[in-house]
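This report describes a two-chain model. The fold of one chain comes before the pairing of the two copies.

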2 protein chains.
Amino acid sequence: MSANFPSKLLEEAVNEFASLPGIGRKTAFRLVMHLLRRDSAEVRRFGETVMKLRDEVCYCSVCHGISDTPVCGICGSGSRDRSIICVVESVQDVMAVENTRQYRGLYHVLGGIISPVDGIGPSDLTINSLEERVREGGVEEIILALSTTMEGDTTNFYISKRLSGYDLRLTTLARGVAIGDVLEYTDEITLGQSIVNRQPFTTQQGRS
Amino acid sequence: MSANFPSKLLEEAVNEFASLPGIGRKTAFRLVMHLLRRDSAEVRRFGETVMKLRDEVCYCSVCHGISDTPVCGICGSGSRDRSIICVVESVQDVMAVENTRQYRGLYHVLGGIISPVDGIGPSDLTINSLEERVREGGVEEIILALSTTMEGDTTNFYISKRLSGYDLRLTTLARGVAIGDVLEYTDEITLGQSIVNRQPFTTQQGRS
């Protein structure tokens, strides 16, 4: 669809949607045509929500997660274990861990991962702020919950160096065979690590 | 991601994107996070474009296509063949036909297709307006360029009945093997029709 749009408004709207990641011009066109069929009030709300999002969203001054208040609900909560900080890349990861209902500590959102290829260095992340939180005291354990990629490993290594002077436990997520995985199709590094780090068998394995 | 959003603004924005067709909650979240990383001015423009689209878009009073003016560029053009009207379902189809650069007549956008299952009857479409255009005179040919589905065939049949009292040629798009198609995988009805309606061979077949 190289087009020849019959309307400038239409063309602009399609261009805006097509500028989003993973949305091509055909999909953008389909979305715009859908919006045109919707109620005017609904579409107005859509546009307003998008503008409000960017202008009004806050970041928590403690963990750097997204929040509606200067300190987010988790950091401000009295019922969380303040001695553990789980270090994650993004807000999505906070939500993923929260959804497991297995963790009652705090978080620290790095805002990315060290990746020289993408030009992201330690100073682009919130690592200084993490060290600050550790220096203030009360933290006994840092869980490094980053992607199990080369960039994740680099970032883990960098953080462990930065925090090596403090008296705390550094842990990472257990690596092993995912629940529901078929052994035949599990990659050999994961399978190898899961044999080396084998655990005592219980009938509760993986359930809670 | 059933979540537990850390921010109402975030949740609202994700809900808005997830309300679009073909966009699930994970994709919606990814799009919202992308917008948060973009320039504030860019995101504002995105929101404004969406609101303007719905509020300001016009429909051409002649062909019912989308237009920025009361009469669209094609209907208002002096260089188009006004004796042929190509009947299509949607603006996308107008653009698809225009992109072929093989057609110099006018269009008529039905705004859908007769589909009892979806509760769309003839009165929901712009068929009255099409008959009006024919009654005004000057139209020698109507090309029915609808989907080759049951609904398309029903709509073609209905329109042909409505226009049966007028002196004009009713045509449909040629059906046959698409260029680039492998015969083995062409459905038998299409292949059958393309044998029945076989054409004299020329060395220009399908190219222009």
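## Contacts and overall form of chain A

In chain A, 46% of the contacts between residues at least 6 apart in sequence join residues at least 24 apart; two residues are in contact if their C-beta atoms, placed from the backbone, lie within 7 Å. This is a predicted model, in which local features need pLDDT of at least 70 and side-chain atom pairs count only at pLDDT 80 or more, while totals for chains, interfaces and linings use all residues. Residues are numbered from 1 along each chain as its sequence is written, and chains are lettered from A and ligands numbered from 1 in the order in which they are written.

The C-alpha trace of chain A spans about 65 × 45 × 35 Å along its principal axes. Of the 208 residues in chain A, 28% are buried (20 or more other C-beta atoms within 10 Å of the residue's own; exposed means 12 or fewer, partly exposed in between, with C-beta atoms placed from the backbone).

## Secondary structure and sheet

Chain A contains 8 helices and 6 strands, where helices (H or I, at least four residues) and strands (E, at least two) are DSSP runs numbered from the N terminus. Their pattern along the sequence is α-α-α-β-β-α-β-α-β-α-β-α-β-α.

Four strands of chain A form an open sheet with parallel pairing, in the order S4-S3-S5-S6; two strands pair if DSSP finds at least two bridges between them. Strand S4 (105-109) and strand S6 (169-172) of chain A each have a single partner strand, so one side of each is left without a neighbour in the sheet. Neighbouring strands are turned by 25° against each other on average, direction ignored; the axes are lines fitted to C-alpha atoms, for helices over the stretch in contact, and angles run from 0 to 180 degrees between N-to-C directions. Strand S3 (residues 81-88) of chain A is joined to S4(A) by 5 bridges, and the two run parallel. A:Cys86 is opposite A:Tyr107 in S4(A).

## Two residues with positive phi

A:His64, a residue other than glycine, has a positive phi near 70°. A:His64 sits in the loop between strand S1 (58-59) and strand S2 (66-67) of chain A, and is buried, with 20 other C-beta atoms within 10 Å.

B:Arg101, also not a glycine, has a positive phi of about 55°. The loop between H5 and strand S4 (105-109) of chain B holds B:Arg101, which counts as exposed with 9 C-beta neighbours inside 10 Å.

Between the chains, 51 residues of chain B are in contact with 51 residues of chain A. Helix H1 (8-18), helix H2 (25-37), helix H3 (40-56), strand S2 (66-67) and helix H5 (91-100) of chain B each supply at least two residues of the side that touches chain A. H3(B) gives the most, with 14 residues.
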